[in-house]
Amino acid sequence: MSTRLSSGGRLLNKGKQISFAFNGKQFQGFEGDTLASALLANDQMLVGRSFKYHRPRGIVASGAEEPNALVGLGMGSKFEPNQRATTTELFDGLNCTSQNHWPSLEFDIGAINNKMARFLPAGFYYKTFMAPRAAWKHLFEPIVRQSAGLGAAPKDRDADRYEHYYAFFDVVVIGGGVAGLQSALAAAKAGAKVLLMEQTAHWGGRAPVDGGSIDGAPVDDFIAAALAELKGMENVTLRTRMMGSGVYDHGYMLGYERLTDHTPDMAGPRHRLWRIRAKQIVTATGAIERPLSFAGNDIPGVMLAGALRDYVVNYGVSAGDRVVVVTNNDDAYRTALALKEHGLEVPVLLDARPEGAGALADEARAAGIRVENGKAIAKVQGGKRVTGVAICNQSGEGAVLEEIAADAVAMSGGWSPVVHLWSHCGGKLTWDDAQAHFRPDNSRPPLGADGQGFVKVAGAANGEFGLNAIMADATAVGIAAAEAAGITAATKLAAPAAESAAEANPAAVWLMPQGAGPALRMKAFLDYQNDVKVSDVMLAAQEGYESVEHTKRYTTLGMATDQGKLSNINGLATLAHSLNVDIPQVGTTTFRPPYTPISLGAIAGEARDEIFQPLRRTPIHDWHEEQGAFFEPVGHWRRPYCFPRKGETHAQAVSREINQTREALGLLDASTLGKIIVKGPDAGKFLDMLYTNMMSTLKPGKCRYGLMCNENGFLVDDGVVARIDEDTFLCHTTTGGADRIHGHMEDWLQCEWWDWKVYTANVTEEYAQIAVVGPKAREVLEKLGGMDVSKEGLKFMEWADGELAGIPVRAYRISFSGELSYEIAVPASLGRALWDKLLEAGAEFNVMPYGTEALHVMRAEKGFIMIGDETDGTVIPQDLNMQWAISKKKEDFLGKRAQMRTHMADPNRWKLVGLETLDGSVLPDGAYVPAGGTNANGQRNTQGRVTSTYHSPTLGKGIAMALVHNGPDRMGEVLEIPGTDGKTYKARICDPVFYDKDGEKQNV
Amino acid sequence: MSEALLQSALNGAHSDGFVRVEELGVQGMITLRGDFASAGFAAAVEKVTGLALPAQRKISIGENATVAWMSPDELLVLVDYASVDATVAALTEGLAGEHALVANVSDARAFFRLSGDDGAVRDVMAKVAPVDFSPEAFGPGDIRRTRLAQVAGAFWSPEPGVMQVICFRSVAQYAFDLLRISSETGGEVGHLG
């Protein structure tokens, strides 16, 4: 059984006990524990069930590579699934549950899959769920959904907040082990601005556990001294609990800082995503130990040798009293020695190499450990925990020589450099045959914009494993990184002399024993999290999967949340072996960010709740809110759709607003309309190109409506242009078009007509704009007083500067409703003041503010088009019978040539007409007008579609606009238009101008 | 009479986290576009503001006016709100012979001030704008026209411990909330401070 030792525990504060719960059971741990070490200390060997076979699984590793110990952490709004126990720092009150079990962890029904394992081979899903087709939806999918997936999705809103942080450095060092510390020191001493980040809460990495000496002193002394020195340097930033998540083009990288995961009640953001620009990145990310592939290598109690050592030294926790060590390399001997040192039994150390280890073997033997060379594990005995191992020869097929009782197994298949961050942006790897691992190929780094490498690797991540070699490498890389960042050191830091035990080369052991038959291979796991075994990869190879990328997807090897940190190398070596090719020929799968999963909250950053998205407000917005306006989104604006009164439906409110506007007086907040100043000697010429009609002939003081097309001839915007003076125009755009049309103008000015003398300025937000509409519009303005707004003083389609009630304004006499109408532009800071004055002065006329729906209905009654309703990016002005707005005199304008092309000039294009329903009902929005017959796809042919449709309170019936084939020639014809409600509507084609065709109402 | 009716975007809203954020009320701002290489343009700007043209990404702060570089052919001139019309008129007159555009944009903007410990102010800004806020990269006399999270913005530091921030008026509430939340106690970064 696993338990807490009286010795060891360098990271613990044994003075502070902490309570936590696992599956509802209360446990005790110490401050400094990880959840994994605390679970082991409480003999909780079984921590989860595997994904596919629901096999019992225990903790395998001690760090970010852990595949098994995933828990659902926290409750309610603090719940998060798939949290690795090995990287979760223990805190008081921690509450977690294991995953993928039903009904309980100890007794799991899904484990039946384990008995069926031979019916669930590689590619099972692809092979099984092909036919019959209907079975997928009704039979397979529900079962797969029930059994698949590890953690449960959170149900509550996340209680925490998150943020981003932009930072810039000369050199960023990822990994705070001895290599990272030394590289950071070397770069910082050269004068570089350095960030050193470490994903755990502790500096120094593995070295304090692995031992050795630097400058004749224990590594702990070096770590303390290096830290002290770095902390004292102005140009150095140190961050713990911050993972190098991804490396991207141009020296961009992400650092994932976990601020309150270890103290969830602390104020402040939970995670901070550092968005970093680095001139140079040094990855000092260390190495990950590989498992060995033997039967039963997934039984709880079988752990990585390095992890077992970590738990003893760092947390004072043993995985078992009797630990069998099995290895293909020297490092695992350190585990055997550490166990021995802490009073635990190592009944045997099995070294798969016939020649055994170097100096460490002598040490082990001297410590009284039985070392067996050329031996292997035939199988591990036990179910929910290890009970013993059967020993065999590595060279054979697994004939059992001896059985030994044990409660844990420490395995080591060698160490793989963590090359992920090096590889994210294209760093290449090379196969090191002697060390049996992929290491970075320093001659092929990720390249920056200048064609030079911007990532360097230091220490074990670089494939350097002796402490002396690590320190030398880290020093050189740190100096080189500073130099590559443009900083040359006055004095270069010298590498300290370091010593560690000399090691013999590991042997390439991809299967144990090497001749293991099918029965053993079926229990030898490669990928713990996705339940991929040696037999699965072999089967894939047999079935013709040669590419490692295809094999990955076929077998799901390396596709789980751990992204194959333990399994990839073993898996591709197995594939290479099965294909009878060299490992480099098979290659690796692609390393993609993030290194380990990061929270979605961190990615979203601060964008939640009130700052999820910017909401644009006009200067009159607060008034609308106070009135309880019903808003609709228009771009990022919220515009009042209508102002419902107590007991009123929205439809009733819209009718009331329209009736009152047509009868007396309405007000519209039109502030969102785009307003762009176009100025310069060539401004007229420029606008003649931008609009389809002539703008250069407009006289100062006058307004003209214009259409804007893109170079493909399609309508993109419309609005009223006012000429301010000889050189200056003010162009009104649609609300949604303000930024787009400003960009469109600048695009043409900067890229095509760069020699034209025109400047533009987007002054949309400088002005609040209020439409004062209705027969009483003039009266109310005259009541405010200050300028001449009489019929003669300010004619239709004229503008004038002046004052109203002492407020400086510009009044445009334009109408989008068909009524007598003035649009009053006023500096935004005075917008609300003018609005209030208009309401006050308009009270005697029962003034009513109206919303966008009333605006739409009134313009439709007048047959005015709306960009986005009558147009959809495929409509040209001719479709809308707007030839009158297309100049025939102009030599050119944007869209002119396109509109002459055959398809655009085709008389069969659908054209705008009005529709009135025979029974007064309202046509469904967007409805199609069917024609006889069907098209090539068997769909009904169509002859038109409804573009706008409303109930007109003015006319008391449903009115609509539509684009209809030969529409204008078919006046009076009745069309049948099916709705989505099963009804078929009948509507008569008519003139789209339903109201006051002669414009008598607006010309008063 | 209209002065009494003036309403800035947020009526002086403020918050106190580990950095103080306040909306500063109405501020005179003028967009000025023209040819920087033209002697007449530079002369007109200097005559009206008393300041030479700022270099790229620089801001010149004078007694009665501030001139900021916005783009290779655009400046932002800041003056008292009350003297905007006069300044616009003076610039327009001074640039009579030039191809230039002068536009009053005072009301199109919201204006904020962040104050506190210099490093803390910089840390708050570094949460919302993709800019190197280290003192050696961004000091007095520098201006950046970039974004504040999801909206356009510009900012400069007139003195240590102070950052002036402008954005469009319609998104003033968003910008304020963004800066308020980013400066909430508990969110200290301790990197630049």
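A residue counts as buried if 20 or more other C-beta atoms, placed from the backbone, lie within 10 Å of its own, as exposed if 12 or fewer do, and as partly exposed in between. The model is predicted: local features need pLDDT of at least 70, side-chain atom pairs count only at pLDDT 80 or more, and totals for chains, interfaces and linings use all residues. Residues are numbered from 1 along each chain as its sequence is written, and chains are lettered from A, with ligands numbered from 1, in the order in which they are written.

**Exercise 1. Describe chain A as a whole.**

Step 1. Of the 1004 residues of chain A, 56% are buried.

Step 2. The C-alpha atoms fill a box of roughly 115 × 70 × 55 Å along the principal axes.

Step 3. Chain A has 27 helices and 52 strands; these are DSSP runs, H or I of at least four residues for helices and E of at least two for strands, numbered from the N terminus.

Step 4. Two residues are in contact if their C-beta atoms, placed from the backbone, lie within 7 Å. Among contacts in chain A between residues at least 6 apart in sequence, 66% join residues at least 24 apart.

**Exercise 2. Characterise the packing of α5(A) against α12(A).**

Step 1. The axes of α5 (residues 178-189) and α12 (residues 467-484) of chain A come within 7 Å and cross at roughly 35°. Axes are lines fitted to C-alpha atoms, for helices over the stretch in contact, and angles run from 0 to 180 degrees between N-to-C directions.

Step 2. Contributors from α5(A) include Val178(A) and Leu185(A), and those from α12(A) include Ile470(A) and Met471(A).

Step 3. By class, this contact has 13 nonpolar, four polar and no charged residues. Nonpolar covers Ala, Val, Leu, Ile, Met, Phe, Trp, Tyr, Cys and Pro; charged covers Asp, Glu, Lys and Arg; the others, Gly among them, are polar.
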